Amino acid sequence: MATTVSGVFREELRDAILRSKVLVVGAGGIGCEILKNLVMSGFADIEIIDLDTIDVSNLNRQFLFQKKHVGKSKASVARETALTFNPDVKVVHYHDSITSSEFGLSFFKRFTVVLNALDNRAARNHVNRMCLAADVPLIESGTAGYEGQVELIKKGLSQCYECTPKAAQKTYPGCTIRNTPSEPIHCIVWAKHLFNQLFGEEDPDQDVSPDTADPEATDVAGEGALQTEHNDKGNIDRVSTRVWAQSCDYDPEKLFTKLFHDDIKYLLSMDNLWKKRRSPTPLNWRELPDGVAGCSKEINQPGLKDQQRWSISKCGSIFADSLKNLSQALKASQEKSLDNHLVWDKDDQHAMDFVAACANIRAHIFGIPQKSRFDIKSMAGNIIPAIATTNAIIAGMVVLHAFRVLENNLRACRSVYLRLKMNHRNQLLVPEKAVNPPNPQCYVCAPTPQAVLAVDTSNMTIKELEELVLKNRLNVIAPDVMIDGTGAVVISSEEGETEGNNDKKLEELGIRDGAILKVDDFQQNYSLTLFVVYREKPGPKDDSPSFLILADKNALKPKDEEEEEKASTSNGQNVTEISDTAKKRKNDSADLETEVANKKRKVEIDNNIDNDDICIIDNDNEHHNLPELKKSNPRKRKLSEDTDCLIVCDDHID
Amino acid sequence: MASPESKSPEQSEKNRKYDRQLRLWGDHGQATLEAAHVCLINATGLGTEILKSLVLPGIGAFTIVDGKKITVEDVEPNFFLEADSVGKSRAQVATEMLLELNPDVTGDYIDEEPEQILSNSPDFFNSFTVVVATALTEKTLVLLSKRLWELDIPLIVCRSIGFIAYMRIQIKEHTVVETHPDNETPDLRLDRPFDSLKKHLDSINLDEMGFKDHCHVPYLIILYKYLEKWILEHRTLPKLYKDKQQLRDMIKSGIRRDEHDSSNSEENFEEAMKAVNTCIRASEIPENIKNILNDDRCINLTAKSSSFWIIAKAVRDFVDNEGKGLLPLKGTLPDMTADTEKYITLQQIYYKQASADAEAVWRRTLQLLRQLGRPSDSILEKDVKLFCRHASNIHVEKGSCIADEYDSKVFDTNIIVQNLETPESMMIYYVMLRGMDKFQAEYNSYPGEFDDQVEPDIVKLKTCLTKLLSEWGCGPLAKDDYVHEFCRFGGAELHSVSAFLGGLAAQETIKLITNQYKPVHNTFIYDAVTSNSGTFFF
């Protein structure tokens, strides 16, 4: 192949293409396009990996798949289809997770270049680290609706994926979800938790029953509700929701009555909660209202039949239907193995029906506007719109970047952003002026990676350190943790070695303010020095995160309001001006996705050194954005890099 | 877990397949897409890439016009042609392969050269929604461009040559109701409240409220109350930054404290302060919308006027009468902290007024249809409602005919002269492509197409360019680099460049079909070597 275009490709490039070995991570929307482009450009040795199977909602853009392939491995079908068009290419496929330990350093080192076509941040972080460790150039890409971007990640030359802090996942205080929801999203989160309680993996942090430890309820002593027996986690002691539901055979009336009548009555008894709020109204299974109450049934958007809101009685019947179907599905899967459970999936009809119905019933009870199933699906599934056209554009640019890498012309691999509409310079595609240099303070790609962990050391357990801080936030896979100085190993990647530490508080093992932790991940070939700083645990009503990860300690110093205002304003104006300084941060695909999915919400403006990651994509909005920047809510400003920007929406190719 | 008897509305397989794109253009956008018939001229690698990205999201039908037989060279950059299809009709094979991508799409082909069709059956193109063309000769391009300009059918011309991508959109006039602006300003009319709103707002007395009520008043009411006070003092709207700051301070002074918990302040007042900037402004018709309403096509409707202009005229009449100088009300409220009842009451007031406004525009539309002798069902009420909701963001795009660029009597070459003065301007590639056109017209091949002809072709291409540039009043090119590069390309197509442009052209086609989002205005050029791109209006 690619012999007659010899004129277009210089001979060196043609040879480099033939000799190269390429890894494509992901066989979704962008992955299919990339694979096609590679096969059509003369690449002869390609490997592709994807964990996922094909879903109907993929077919509008993932063109290597057809209806008959639904349910099959994406990587395998992508390979098969691509080979029918060019049987001479060697394509190896893996139906597996790229984070699996099979794909270690030596695996990555075999490739000339790695092309990411991923849909989630965890995998992106991992491939980023593997490519840095193996010193293999990585081309990272993402799309969201009409927007997208392509960038090169090369150790020492360019920013790595983690050089810019990514918006953390929005979390909601437990008592808002369980006791006092005030927005539709609170009800949707509750409904998803309920799904997991009933059918999914049970997570004690996802309790859906009233939370009697709500500090607001305990303000005034002698509350009737508090007399009830409850355990130290604030949950009334009783059998788990799952066991109870199974014992009554998922009877819709019984479940409905418990969830939407009895539990609500119980909440009402915590009368301190309702002094300033509209109190909830318990619902009766046999008397469900027909109208779409609480939200003006007349206000239906014309012409959008899929997007109409359901009446509560309709919600009730959908609740019953989906409950029946889901409980049968659970039963069927548990017949194979008792450990089996269902996984919530926005594209599964009954799972989605269940969440939409429950969220709307709860919203009705609390006088919160109801949403259509279509909208709830967007919010619950963090759905990023995805179309064939954008993926084609971005995948084309990914392979063009790969050519430059093979020509060893790395400095020409400037990040490129595809915009929804032209900017003030009439550009639809906006390239950076030069490759963005690495962030010297990056806790991943700096020569000696380090970071500050600000946490209440008397409160956090070793298990929480491992799960929440190291695995979830810092994205290590199998950490070993040692206290610097004493050499004590507090977490070991060897199973069972340090399990005894799990429930101990950090302080009990000597991790206090000033402690230094050495974190190692053998698989990622990654070491990090973590400086511990004491920070008081935020109150339960405070929605700030329970810990912070910072580039340096100075970021902890509070700044006054005025300064913040100035910082964000000038920042807004400067988005286009500051261009190739080391401080420059570009919008990463995750932020981009967030923006698209949450058009209505404003991106939080962060007041620390990294506050210029607003995004170039928006740079023609700077004029009219100015008032919006000023508008940004000071109450929500955190001095952390953990700016809790909205729900994380990484799911653009799913 | 599928169960056929489920009552959920979102159950059709089609909806599930298109779920991710419905979130961009909605059911109505999808419906227009499914009613569209796209014509592709020449199933080159680029052509099939474009069509692929239209078949996947589900256009109704396509027709491929291509008289060529498949050659070995065709197969290479074209994913949809296989080696064993050499010698077969390119239109036929491409049609068959593309149809496999989506069973909802129908497609057919005409195994003829576009030149033949243009001369033998000039009505052939009448029924297409959009025509997309690749690899056209200068002569055919000019004929096709003129024909489609007369028919008022959009034409998108694309080229992928070596590392260069080019796209030109020809539309006589394109009207967009849903432009999907990034920042929509709320339409609240606090400075000029309509009667029902004024009555409601005046019935509320903040001072007499208990704490619980006071902290659940929607911020819009707070804004109105303090704006009223401000205007009483100053006799005008707050305009300057310091005026608005004063207004904010006034609002701040109105915040009450909870007797039990002094730290608990009123969120709705904070929201009101923050909303001063976006919500306090004079209600008026934006300048660009005034221009549309004052356009001759709006004022003087004819029997052939499109729905857009008829509704625009109805809106114009509304503005002059019921609207008292303002557009129909949008009728939507931003989210705000409030108790449900107060919010819903307010929402209803806005909604009802917006309905009444849209109703008035609808009546006027019917009246205009009668005057024009058109059936009353030629415009639907829901389209009028949609128009009214987006009235402050509508857009009219006026284009130019491609054939004019080939007619030295009408072609304004200033844009070329000016842009060539800017270093690295993408305009140089426009010049190169035009030079290549000329070369092709004279020698019937691409420069550098045959390996043994590269050197002589360089000289010939240079001559073509010099002629062209002197016709346009430009000096000769400073460097020969571009000429060498284009001769090296030999007219060959690079798959990744075609894939890139295929996505982009399909995107523009979808914008034209759905009448949503503003299209590229009107020429796009991309250099895949540098990642630079440019947009020009010819």
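Predicted model: local features only at pLDDT ≥ 70, side-chain atom pairs only at ≥ 80, totals over all residues.
# Briefing: domains, helix packing and chain contact

For chain A, the assignment gives domain 1 (4-164 + 386-431), domain 2 (182-367) and domain 3 (457-534).

**Domains**

- In chain A, 34 Å separate the C-alpha centres of domain 1 and domain 3.
- Domain 1 of chain A puts 10 residues in contact with six residues of domain 3 of chain A.
- Helix H5 (residues 121-134) of chain A gives the largest share of the domain 1 side, six residues.
- By class, that domain 1 side has four nonpolar, five polar and one charged residues.

**Helices H2 and H13 of chain A**

- Helix H2 (residues 29-40) of chain A packs on helix H13 (residues 388-406) of chain A at an angle of about 50°.
- The axes of these two helices are 8 Å apart.
- Angles from 65 to 115 degrees count as roughly perpendicular and those under 35 as roughly parallel, so H2(A) and H13(A) are oblique to each other.
- H2(A) crosses H13(A) in a right-handed sense.
- From H2(A), the contact uses A:Gly29, A:Ile30, A:Glu33, A:Ile34, A:Asn37 and A:Leu38.
- From H13(A), the contact uses A:Asn391, A:Ala392, A:Ile394, A:Ala395, A:Gly396, A:Val398 and A:Val399.
- The contact of H2(A) with H13(A) has eight nonpolar, four polar and one charged residues.

**Helices H9 and H10 of chain A**

- Helix H9 (residues 252-269) of chain A packs on helix H10 (residues 312-336) of chain A at an angle of about 120°.
- Their axes lie 10 Å apart.
- That angle makes H9(A) oblique to H10(A).
- H9(A) and H10(A) form a right-handed crossing.
- On the H9(A) side, the residues are A:Pro252, A:Leu255 and A:Phe256.
- They meet A:Gly316, A:Phe319, A:Ala320 and A:Leu323 of H10(A).
- The contact of H9(A) with H10(A) has six nonpolar, one polar and no charged residues.

**An annotated site in chain A**

- An unreviewed UniProt entry gives the annotation "binding site" to A:Cys160, A:Cys163, A:Cys442 and A:Cys445.
- These residues are spread over 286 residues of sequence, yet they cluster in space.
- The largest C-alpha distance among them is 8.4 Å.
- A:Cys160 sits in the loop between strand E6 (147-153) and helix H6 (174-178) of chain A.

**Where chain A meets chain B**

- The contact involves 72 residues from chain A and 75 residues from chain B.
- On the chain A side, several elements each supply at least two residues, among them H2, H10, helix H11 (349-365) and helix H12 (373-380).
- Strand E8 (429-431) and helix H17 (622-631) of chain A also each supply at least two residues.
- H13(A) gives the most to this side, with 10 residues.
- The chain A side divides into 33 nonpolar, 23 polar and 16 charged residues.

How values were computed
Residues numbered from 1 in each chain as written. Chains lettered and ligands numbered in written order. Axes fitted to C-alpha atoms, helices over the stretch in contact; angles between N-to-C directions. Helix = DSSP H or I, 4+ residues; strand = E, 2+ residues; numbered from the N terminus. Parallel < 35°, antiparallel > 145°, perpendicular 65-115°, else oblique. Left-handed = near helix turned anticlockwise from the far one by under 90°. Contact = placed C-beta atoms within 7 Å. Nonpolar A, V, L, I, M, F, W, Y, C, P; charged D, E, K, R; others polar. UniProt positions renumbered as here; feature names shortened; annotations may be inferred. Domains from an automatic or database assignment.
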